[in-house]
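Visitor: I would like to learn how to read the fold, the core and the chain contact of a model like this one. Could we take them in that order?

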Amino acid sequence: MADRTPRGHALNVEMRGLTKSFGPTPALNAVDLTVRNGEFLAILGPSGSGKTSLLRVLAGLEFAESGTIAIGGRAMEGVPARERGVGFVFQNYALFRHMTVARNIAFGLEIRPRRLRPRAHEIRDRVASLLDLMGIGDLGGRYPDQLSGGQRQRVALARALAIEPALLLLDEPFGALDAKVRKTLRVWLKDLHDRIGLTSIFVTHDQAEAMEMADRVAVMREGRIEQVDTPDHLYLEPASAFVHEFLGEAIRLDCVVADGVARFPGLPSAVLPTSCRPGAAIALIRPYEIGFIVRPGPAHVVSVHANGPLKRVRLLIGGVGIEVLSPAEGWTPVVGENCDLELSKARVYPI
Amino acid sequence: MTLPSRRSALPGFSLTLGITVVWLSLIVLLPLTLLALRPWTLGLEGVWHSVTEPRVLAALRLSFGIAALAAAVNMPLGLLVAWVMVRYRFPLRNLADSLIDMPLALPTAVAGIALTALFAPRGWIGALLLPLGIRVAYTPLGIFVALVFVGLPFMVRTLEPVIMDMPRDAEEAAATLGATRRQTLLRVVLPALTPALLAGFGAAFGRGIGEYGSVIFIAGNMPMVSEIAPLLILIRLEQLNYAGAAALALVMLLASFAVFLGLNVLRARLRSRA
């Protein structure tokens, strides 16, 4: 099995200053991004953040107004989509409905000029091994309309891999699938990537998907890349309030920075050293990063709910409600009483 | 065939089916039956003679031949128009869109007179073509022009919804897989549109065989040269030769039926693959 796995020559990708606009709003705003050989990179962002535009510009389906792209050191300026050797898996798969699965997969090989086209039996063998690799060996004779969403996804992937692309691009690869199939395919796709070692970029708006699968994640917002990092670093050291909030639930507290520390209006005991510039700022902290200090303080306990290994504690601080997660075995606040909070894990960002 | 169970979403299955059957019988089957029975007062041999006269054969050849030719020409033409209407946004697109329907909305006689005026030897286009030795009005070429004119909306309106429905990313997928524009057109776009092209051909062809008003003005109606079969039926009716008219009508009916059956079989075969 392993020896039949198609191995592309993984290439790196360099994007410099890519800018593109739709009307007055920039879809891409001076995007710089480097993707390493064999890397599995996620582009994560809310809808309208420019992530799909970036993918389409890479594939040559759209063109940036300025900036450069190099794939494996080769400049892509003026190179049309059909000559880029980039595999693209579309969100809705874009299978050819009048062709069987096998013909779909063979398409990219059969249309080559005669001198570059593999022999008929070689094409047949390649299609068969791709069908096996995708775990759909017996579906070659079916038409796309006869397949489930997950099966179509695999056919689309096989079709893109058949041309032995230097780079694989996937646009919301699980967007059209239901939650259960999505979970299985995630693991499968990650595994497949590790086996064929192809440089791959996928776009998603689902942070869990990006964090689980990717080697590195690029977070996009309004046509810009906010941060590129490994999932761990991204989660522990978000570079901006946007990244912090996009990657998971966060509690937002207003604060004021002066003399290198942040102070909180309703929480006199919390004093946080920060490098943030002086003035009004916000502090973000994950619900489970807040600690309790057992002494009377400004936090009024509204309710306590045990929830498996964690308990949910609702608090009021100066009229603002927050919800804290803390380990079930720790100190349990008493409803109706007051306590103090420990915020040393909060991150402070300028407004 | 199985009848739907009692709990159907639509009430009154027997009532609706009953009305459908009665309606189809009254509107379609009854007249056709009468038509099929009418000619035989001439006797078998009489019917045979009446439909194998050289003038009749020439008219049938002309009607079917030119209708097929016009419908065939309307395939690429209609595809082009439908493609532009669906895929591009341009100024006055709405106006262009309603102009497509004009050949259908116009009384056919109006279309016939307008085309004749345009293509007559002294008309705007006719005068330009005359020095080249091309005569359009009062020749079979005139019939062809009229049938292309009335057939185009059928082709365009049949193709538009299918093109609208066709996922655009299939063409992009072909491009990323290395296909040239020509390969994308021939291998991805046209195969997806073939059933609709056949349906449009059928509709334009059917209209072409029966077209009367717009044709007779421009055709010149010379027996053996530019006389269409529907006109010949009318001539026989005017001569009170009802059985002869019905015999010719029956032949046209059978021939049209054969053509449509063939087209439907072809489309069904294409669909069963997908």
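Guide: Helices (H or I, at least four residues) and strands (E, at least two) are DSSP runs, numbered from the N terminus. Read along its sequence, chain B follows the pattern α-α-α-α-α-α-α-α-α-α-α-α-α, with 13 helices and zero strands. This is a predicted model, in which local features need pLDDT of at least 70, side-chain atom pairs count only at pLDDT 80 or more, and totals for chains, interfaces and linings use all residues. Residues are numbered from 1 along each chain as its sequence is written, while chains are lettered from A and ligands numbered from 1 in the order in which they are written.

Visitor: Which residues have the most contacts inside the largest nonpolar core?

Guide: A nonpolar core is a set of buried Ala, Val, Leu, Ile, Met, Phe, Trp, Tyr and Cys residues joined through C-beta atoms within 7 Å; a residue is buried if 20 or more other C-beta atoms, placed from the backbone, lie within 10 Å of its own. Here the largest core has 140 residues, and those with the most contacts inside it are A:Ile43, A:Leu169, A:Ala218 and B:Ile218. Its largest share, 13 residues, comes from helix α8 (residues 140–165) of chain B.

Visitor: How many residues does each chain give to the contact?

Guide: Two residues are in contact if their C-beta atoms, placed from the backbone, lie within 7 Å. The contact takes 18 residues from chain B and 20 residues from chain A; on the side of chain B that touches chain A, α9(B) gives the most, with six residues.

Conventions
A residue is buried if 20 or more other C-beta atoms lie within 10 Å of its own, exposed if 12 or fewer, and partly exposed in between; C-beta atoms are placed from the backbone.
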